[in-house]
Amino acid sequence: MLNRKEQAEAIAEALGTSFIHDKFGHDLFIGGQIEHILAERAIIIYQYVEDEKFYGVAVTHENGEQFIALNTYHPLRTRYFTASHELWHLTNFVDLDNEFFDHERAADRFAAAIMLPKTLIKDLWNKFIAMYDVESSIIHLSDFAQVPYLAMVRRVKELGFKIPSLLVNRTEHEWKDRRIELGFPYSYLDEPMNETRFKAYEDVVKQNVEHIGLDTLIAANKLVKFAPKQAKQYQKMLYTGVNDEET
C-alpha cells in the first residue's frame with residue numbers, strides 16, 4: 001500500500017503526464033512557455049521579494065477570480081518551475097482534497113511531469129550519458145528544459161537512474177558554481193529577472209484614466225510600484241499636458 005507521499009506522487013505523475021500530452025504532446029520541453037499556460041488560467045502578479053523561502057502563491061478571490069504571485073527574486077529557471085508548481089493549485093486536481101493528501105508534494109511532482117516529461121527525459125538521459133559524465137548531463141538537460149539543477153537531479157533519480165549522493169546533496173548555488181568550473185558558458189537562466197508587474201491592475205487604472213477621468217497624479221501613485229513606466233508617463237502629463245501615446 002502506498003504511503004501518503006507515494007500516493008500524491010503517483011497521482012500527480014499520471015495527471016501531469018495526461019495534462020502535458022493533451023496540451024502539447026510529450027516530446028518537447030515547454031520551458032518558459034509555462035507562464036503563458038499559467039496566464040490562461042489566472043492573473044499573474046510578478047513581485048520582487050527578497051526572501052529565499054518565498055517562491056510563489058496561488059490565491060482565489062471570493063468572486064472566483066484566481067491569482068498567482070511569482071517571486072522574481074529567484075533565478076529564472078526557479079521561477080519557471082515555481083509557475084508549474086502553482087499550476088497544480090489551479091487545476092481540478094485540487095478536488096482530491098482530504099486531510100491525508102499531500103498537495104505540496106503532488107504539486108512538485110506535477111511540475112516535474114509537465115516540465116520534464118518522463119518519456120523525453122528517459123530518452124535524452126540515455127543519449128547524454130553516453131556522451132558526457134553525470135554532472136555535465138545534468139547541466140545540459142537543465143538548460144534544455146529551463147529548470148533548476150536540483151529539479152533535474154530529482155527527476156532523473158525518480159525515473160530510476162543512479163545519481164551519486166554527492167550530486168544529490170549539492171545545492172542550487174553549488175551547481176551554478178560547478179558549471180563554471182566545468183567550462184560551461186554563462187546562462188541567463190541562473191539569474192533573476194528582477195521585476196514587479198501586475199498587468200491586470202495596470203489595465204484597470206488606465207481604463208479609469210481614459211474613460212472615467214481618474215486624476216493622472218492618483219493614477220501615477222497607484223502604478224509607481226507595478227508599472228513604473230506608465231506612472232512616469234502620467235507624471236509627465238501633469239507638467240506637459242501631453243500624452244506620449246498621442247505624439
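Analyst: A place to begin is Gln-146, which is found in the loop between α6 (134–145) and α7 (149–158). The model is a predicted one, and the values that follow are computed from it.

User: Why is Gln-146 called buried?

Analyst: Its relative accessible area is 19%, and buried means under 20%, so Gln-146 counts as buried.

User: What makes the phi of Gln-146 worth a remark?

Analyst: Gln-146 has a positive phi of about 60 degrees although it is not a glycine. Most residues other than glycine have a negative phi.

User: How do you know that Ile-138 is buried, and which residues is Ile-138 in contact with?

Analyst: Ile-138, which is found in helix α6, has a relative accessibility of 0%; the limit for buried is under 20%, so Ile-138 counts as buried. Leaving aside neighbours within four places in sequence, Ile-138 is in contact with Trp-125, Tyr-149, Met-152, Val-153, Val-156 and Trp-175. Ile-138 and Arg-155 are 17 residues apart in sequence, and their C-alpha atoms are 10 Å apart in space.

User: What makes the charged end of Arg-77 count as sitting over the ring of Tyr-149?

Analyst: The charged end of Arg-77 is 4.3 Å from the centre of the Tyr-149 ring, and the rule asks for a distance within 6 Å together with a position within 35 degrees of the ring normal. The charged end of Arg-170 likewise sits over a ring, that of Trp-175, at 4.6 Å from its centre.

User: Why is the pair of Phe-128 and Tyr-132 called tilted?

Analyst: The centres of the two rings are 5.9 Å apart, and rings pair if their centres lie within 6.5 Å. The angle between the planes of Phe-128 and Tyr-132 is 40 degrees, while stacked requires under 30 degrees and edge-to-face over 60, so the pair of Phe-128 and Tyr-132 falls under tilted. By this rule the count comes to eight aromatic pairs, and one aromatic cluster is formed by Phe-19, Trp-88, Phe-101 and Phe-110.

User: Are Phe-128 and Tyr-132 buried or partly exposed?

Analyst: Phe-128 has 9% relative accessibility and so counts as buried, whereas Tyr-132, with a relative accessible area of 35%, is partly exposed. The limits behind these two labels are under 20% for buried and over 50% for exposed, with partly exposed in between.

User: What makes strand β3 (residues 66–71) largely enclosed by the rest of the structure?

Analyst: Five of the six residues of strand β3 are buried, so β3 is largely enclosed by the rest of the structure.

User: How do you know that β1 and β2 both pair with β3?

Analyst: Two strands pair if there are at least two bridges between them, and five bridges join strand β1 (residues 43–47) to β3, with the two running parallel. Five bridges also join strand β2 (residues 56–60) to β3, but here the two run antiparallel. β2 and β3 form a hairpin with five residues between them, and Gly-64 in the turn has a positive phi of about 95 degrees.

User: How do you know that the buried residues of helix α11 (residues 216–223) line one face?

Analyst: The buried residues of α11 are Thr-216, Ala-219, Ala-220 and Leu-223. Seen down the axis of α11, these residues fall within an arc of 100 degrees, so they line one face of the helix.

User: Which residues touch the most other members of the largest nonpolar core?

Analyst: That core has 52 residues, of which Ile-34, Met-115 and Met-152 touch the most other members. Its largest share, seven residues, comes from helix α4 (residues 103–115). Not counting residues up to four places away in sequence, Ile-34 touches Tyr-80, Ala-83, Ser-84, Leu-87, Ile-114 and Met-115. Another core lies apart from the largest one and has nine residues, among them Val-205, Val-209, Ala-227 and Tyr-234.

Definitions and conventions:
Residues are numbered from 1 along each chain as its sequence is written. This is a predicted model: local features need pLDDT of at least 70, side-chain atom pairs count only at pLDDT 80 or more; totals for chains, interfaces and linings use all residues. Side-chain values use heavy atoms; hydrogens and water are left out. Buried means under 20% relative accessible area, exposed over 50%, partly exposed in between (1.4 Å probe, protein chains only). Helices (H or I, at least four residues) and strands (E, at least two) are DSSP runs, numbered from the N terminus. The arc is that of the directions from the helix axis to the C-beta atoms. A nonpolar core is a set of buried Ala, Val, Leu, Ile, Met, Phe, Trp, Tyr and Cys residues joined through side-chain atoms within 4.5 Å. Contact means heavy atoms within 4.5 Å. Rings of Phe, Tyr and Trp (its six-membered ring) pair if their centres lie within 6.5 Å; planes under 30 degrees apart count as stacked, over 60 as edge-to-face and the rest as tilted.
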